[in-house]
Amino acid sequence: MSWPSFWLKADWRSRLLTPLSQMVCWWARRRLERFRQTRPQSPGLVIVVGNVVVGGSGKTPFIQWLGHQLKARGLSYGVISRGYGGQAKAWPQIVTPDSPPGLVGDEPVLIAQSLDCPVVVSPKRAEALDLMLSRFDVDVVISDDGLQHYALARDIELVLLDSARANNGLGNGLCLPAGPLREPAKRLNEVDFVVFNGDQPSWFEFSPPAIGQMQLKPDYFYALNQPGKRFDIHKFAGQAVYAMAGIGNPARFYETLQVLGVKVEPLNFSDHHAYRLEDFKSLDPQKPVLMTVKDAVKCQKFAADNWWALEVEPECSDPFAQNLLNHISRHPKLKHKAST
């Protein structure tokens, strides 16, 4: 979601909302303390890839990167998620590449399409975890978000921060609704890894055990109605296009296109927007429409010939990657795997 300006830098509006913000922080700390006292357990290794702020921070591409890394090391894995925006009547749901995004959520379908792994969704992630472990033989379960879902067992906590946002991704540093934080920022001292989507800051006031960096490298464009039809990332250089983004930080997508020389006319939609053909009736049909892969999942069925998605390749710094993967492979729950 796009942040209001007072989430970027505190002003009179954030000050006015401070009493509510303090209540949210207090409740978050109380929930965390209860979690510490009654920590749920799971027989499988669970890695939570989460966030301390609302809105996107790059969790999905990081999960795609992590999945490929686990597979390269001979580890099987599955992904669980809330299935945000899904309208299924019963939960949990097993997601396939052909699942309707409106039923199970857009990001789970994208993950199922891009990774050869089981995907299970439920608003109660503990239920998704139980179904995953009962139906699939996996070594590792990755939870897409869920850091604050304290009914969910976890062994490794990893937080993504979007360094393109203010204050290293933390905005004004206040809890909702005065700021973007779901819980106090000092929670970052307690997670296992913090990963910056973008440039790693030279100074960071928190001290998690390990800090890493991920870069999203533009890879190619593909046609929505012919996904196998790929073109070089410079295909649209110098052209005027519509650029649409229903993601957490749409400015990042627009800036990426501008760096590629594209003349962008932005089309902003809310995060997880359920697209319909009517959303595009007023557009010039001769003008290309460029979008993220997350948006493309929901537009493929009615896409025109000149609608394209930008595929990005997530890359993580080598020292961090080795540290994380060694941490995973040496975990007691994977001891039998590490010795084979």
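**View 1. The whole chain.** Of the chain's 340 residues, 52% count as buried, where buried means under 20% relative accessible area, exposed over 50%, and partly exposed in between (1.4 Å probe, protein chains only). What you're looking at is a predicted model: local features need pLDDT of at least 70, side-chain atom pairs count only at pLDDT 80 or more, and totals for chains, interfaces and linings use all residues. Residues are numbered from 1 along each chain as its sequence is written, and side-chain values use heavy atoms, with hydrogens and water left out. There are 11 helices and 13 strands in the chain; these are DSSP runs (helices H or I, at least four residues; strands E, at least two), numbered from the N terminus. The radius of gyration is 20 Å, close to the 20 Å from the globule rule for 340 residues, so the chain is as compact as a globular protein of that length. That radius is taken over C-alpha atoms, and the rule is 2.2 Å times the number of residues to the power 0.38. Along the principal axes, the C-alpha atoms fill a box of roughly 60 × 55 × 45 Å. Take the contacts between residues at least 6 apart in sequence: 69% of them join residues at least 24 apart, with contact meaning heavy atoms within 4.5 Å.

**View 2. The disulfide of Cys-25 and Cys-175.** The structure holds 1 disulfide, and for this model that means a pair of cysteine sulfur atoms within 2.5 Å. Here Cys-25 is joined to Cys-175, S to S 2.2 Å. The link is right-handed, with 105° about the S-S bond. It ties together distant parts of the chain, 150 residues apart: Cys-25 sits in helix α3 (residues 18-37), while Cys-175 is in the loop between β6 (156-162) and β7 (193-197). Both ends are tucked away: Cys-25 counts as buried because its relative accessibility is 14%, and Cys-175 is buried at 1%.

**View 3. Cys-117, a cysteine without a partner.** Cys-117 is in no disulfide, and the nearest cysteine sulfur, on Cys-316, is 17 Å away. Cys-117 has a relative accessibility of 12%, so it counts as buried.

View 4. Searching the whole structure turns up 20 aromatic pairs. Phe-62 and Trp-65 make a tilted one, at 5.4 Å centre to centre with 40° between the planes. For the record, rings of Phe, Tyr and Trp (its six-membered ring) pair if their centres lie within 6.5 Å; planes under 30 degrees apart count as stacked, over 60 as edge-to-face, and the rest as tilted. Both residues belong to helix α4 (residues 59-72), 3 residues apart, or about one turn of the helix. Phe-62 is buried at 0% relative accessibility, and Trp-65 is buried too, at 7%.

**View 5. Phe-302 against Trp-307.** This aromatic pair is edge-to-face: Phe-302 and Trp-307 are 6.1 Å apart centre to centre, with 90° between the planes. Phe-302 is partly exposed at 23% relative accessible area, whereas Trp-307 is buried at 6%. Widen the view and you'll find one aromatic cluster made of Phe-269, Tyr-275, Phe-280, Phe-302 and Trp-307.

**View 6. Charges over rings.** The charged end of Arg-165 sits over the ring of Trp-3, 4.0 Å from the ring's centre. Lys-235 lies over the face of Phe-236, 5.3 Å from the ring centre. To count, NZ of Lys or CZ of Arg must be within 6 Å of the ring centre and within 35 degrees of the ring normal.
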